[in-house]
Amino acid sequence: MGTELDALSAFAAALVGGGVEFVTAFPGSPTTKLALHLERNAAELGIEFRWAINENVALSQAFGAAMGGRGAVALMKHVGVNVASDALQVMGVVHGLAAPLLLIEGADAKPGSSQSAQDNRSLYASSPQLLVLGPSGVGEILTLVAEGCAISAAAGMLVVIRGDARCFAAGACSPGSARPSKKIVARPFERWPARGWALATSARTYGHHLEQRRAVFERLRPWIEQRRAEYGLDGQLHLAVVVAAHLGPEIAAAIRARRLPYMRLTVEHPLPEAALLELAGRVQELVVLEECTPTLERALGFLAHRAGLRTKVVGRSALGDRRPIGRLDPDALAELLTALERRCPPGRRARELAEREPKRSDSADAVDPVAVLEDLPDQLERERLALDGARPASGFVPTDPRQAIFAVLRELAPETFIATDPGVTGVLALAGHQCDVKMHMGGAVAIAAGWSRARARAQGCLAVAVVGDTNLPHSEWLGLLDAAAHNDDLLIVVADNGASEMTQQIVTSRLTPERTRASLEAAGIPCEVATATTNPADWWAAMLRDAAHAPGPRLVWLEGL
């Protein structure tokens with residue numbers, strides 16, 4: 001990659017070094033240039049790149065690949081997160097994935113090429129409770145993306161990398177001064193289906209997942225506290241600036257040129273609360289610089305209030321910038337810094353000439369984020385077994401044909417992976433490991449396709465997606481079209497009971513089964529139809545066995561459920 005790295009090459013180097021082999025994306029500025037770079041250089045980098053039909057499909061495919069043991073990334077812009085939000089709410093809270101999984105989001109606070117300046121920081125910090133890293137500049141990209149991959153692998157959880165146009169357009173620098181000096185290798189989890197249990201979020205498990213996330217963050221807190229840079233923060237201060245992670249070192253350099261003391265964050269969530277509260281206790285005013293919504297300002301105000309501090313927390317609006325959205329371009333930044341200078345007389349400004357950077361991974365006192373998670377897999381397994389013992393999942397009754405269907409599916413290949421939608425069929429299939437994963441509506445086909453790509457080089461592997469007749473038109477359709485476009489090796493089974501079993505047998509708007517199958521066949525997905533029974537020697541089971549050996553995406557429609 002030459003003697004210097006720009007942002008795109010730095011991302012590529014950090015991702016490949018972090019174990020990523022599968023990249024899926026939906027185009028949208030400012031992430032498009034990174035996606036194109038990865039697409040053009042896929043062979044050299046040793047990755048598989050593919051464009052997805054939308055952002056939900058992209059994230060779901062990446063999730064499936066990670067379940068299959070292949071490090072994966074989904075790229076999208078900030079408004080694309082809306083399309084992936086249902087997936088994010090469930091995939092974001094689970095642990096134990098068999099390989100790193102990253103979501104790289106391109107923010108657009110101006111907005112420059114988007115219909116809105118949507119700020120997703122509050123979304124990430126709400127129920128998904130995601131770790132969100134905000135690199136800006138080549139050095140931080142190399143370090144934070146590598147550490148994000150390592151943490152993702154060690155905890156088996158989704159990690160978000162959030163950048164903006166500054167991040168993806170960062171200029172070239174010598175990698176020697178920026179590249180982490182040691183490679184962090186995390187303990188891998190076993191892939192599915194060898195894990196022997198189903199990964200799912202449900203009313204039974206969602207709170208359990210969030211409690212586990214809280215415990216993971218407690219382990220990571222010492223590392224999070226070190227992921228900050230400081231300038232001029234010694235002693236009692238009249239004022240200090242907190243620079244949001246997405247603003248990066250360029251904005252910090254402009255603040256430093258005015259000799260204004262600051263703390264610059266590199267993690268968007270969770271915040272380094274101990275460091276921020278310690279600083280808040282030594283200043284009269286804590287001034288927050290961020291773009292778009294006052295998310296960080298509100299969070300710091302809450303922290304100070306909860307701690308009983310009287311420190312005044314103010315943001316851009318208090319400095320005269322009352323724009324509800326917008327980037328801090330040079331003119332806007334200069335006006336803010338001039339207002340800050342008026343609030344911080346010369347005698348109370350910083351004396352330091354250099355910024356104290358975040359701890360490097362090779363520093364003697366640096367916290368190794370992988371080391372603090374070393375025994376996490378054993379803890380997660382103990383807690384899963386305890387939950388299953390206290391609140392076991394309900395399964396099918398013996399007279400339900402679906403029990404026979406899943407038994408036949410599991411035996412179709414030496415290694416069969418089964419993804420389901422969150423309808424009643426998927427919920428009941430969790431018991432006894434009849435399926436491997438149940439996430440969100442619109443995820444079954446794409447998750448199975450991602451797992452299929454992860455195991456493409458292995459022999460005797462089969463990916464299966466089981467979807468209901470209600471969920472099929474609701475949100476699985478695009479995953480089917482994407483699988484057809486990429487000719488994924490995938491068996492889709494439609495469990496048709498003619499209504500929405502989970503919601504009082506309501507029949508939602510849909511095409512007739514005949515028209516639906518005709519549409520799918522026109523898209524290149526061959527379809528077969530059979531009536532399911534409880535007898536695995538009947539014709540429907542033979543049809544599934546035949547379909548298991550067919551190439552490409554193929555569908556078996558089972559009626560009578």
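Select Asp 234 to begin: this residue is exposed, with a relative accessible area of 53% (buried means under 20% relative accessible area, exposed over 50%, and partly exposed in between, with a 1.4 Å probe and protein chains only). The model is predicted, so local features need pLDDT of at least 70 and side-chain atom pairs count only at pLDDT 80 or more, while totals for chains, interfaces and linings use all residues. Residues are numbered from 1 along each chain as its sequence is written, and side-chain values use heavy atoms, with hydrogens and water left out.

**Salt bridges**

A salt bridge here is a side-chain nitrogen of Lys or Arg within 4 Å of a carboxyl oxygen of Asp or Glu. Helices (H or I, at least four residues) and strands (E, at least two) are DSSP runs, numbered from the N terminus. Arg 356 counts as partly exposed, at 36% relative accessibility.

Next, select Arg 219 and Asp 375, whose side chains meet in a salt bridge of 2.7 Å, N to O. Arg 219 belongs to helix α10 and Asp 375 to the loop between α14 (330–343) and α15 (376–390), so this pair ties together parts that are 156 residues apart in sequence. Is Arg 219 buried or exposed? Arg 219 counts as buried, at 18% relative accessibility, whereas Asp 375 counts as partly exposed, at 43%.

Remain on helix α10 (residues 206–226) and select Glu 218 and Arg 221, which are three residues apart in that helix and therefore separated by about one helical turn. These two residues form a salt bridge in which the closest N and O atoms are 3.7 Å apart. Glu 218 is partly exposed, with a relative accessible area of 45%.

The structure holds 36 salt bridges. Side chains of opposite charge can pair when their charged atoms come close.

**Aromatic rings**

How many aromatic pairs does a search of the whole structure find? The search finds six. Rings of Phe, Tyr and Trp (its six-membered ring) pair if their centres lie within 6.5 Å; planes under 30 degrees apart count as stacked, over 60 as edge-to-face and the rest as tilted.

Select Phe 11 and Phe 168: their ring centres are 5.4 Å apart and their planes are at 20°, so the pair is stacked. Phe 11 lies in helix α1 (residues 7–17) and Phe 168 in helix α9 (residues 165–168), so the contact ties together parts that are 157 residues apart in sequence. Both Phe 11 and Phe 168 are buried.

Then select Phe 49 and Trp 51, whose ring centres are 5.0 Å apart with planes at 85°, so this pair is edge-to-face. Phe 49 is buried, with a relative accessible area of 14%, and Trp 51 counts as partly exposed at 25%.

**Charges over rings**

Select Arg 517 together with Trp 557: the charged end of Arg 517 sits over the ring of Trp 557, 5.1 Å from its centre. A charge sits over a ring if NZ of Lys or CZ of Arg is within 6 Å of the ring centre and within 35 degrees of the ring normal. A further example is Arg 213, which lies over the face of Phe 217 at 6.0 Å from the ring centre.

**The cavity**

Finally, select Leu 276, Leu 277, Ala 280, Leu 286, Leu 300, Leu 303 and Ala 304, which line the largest cavity. A cavity is a set of points, on a 1 Å grid over the protein atoms alone, where a 1.4 Å probe fits but cannot get out; lining residues have an atom within 4 Å of a point. The elements giving two or more residues to this lining are α12 (273–280) and α13 (295–306). The lining comprises seven nonpolar residues, no polar and no charged (Ala, Val, Leu, Ile, Met, Phe, Trp, Tyr, Cys and Pro count as nonpolar, Asp, Glu, Lys and Arg as charged, and the others, Gly among them, as polar). The volume of the largest cavity is about 40 Å³, a volume being the space filled by probe spheres set on the points, with grid points joined across faces, edges and corners.

Methods. 1 Å grid on protein atoms, 1.4 Å probe; cavity = no way out; pocket = protein on both sides within 12 Å on 5 of 7 lines; lining within 4 Å.
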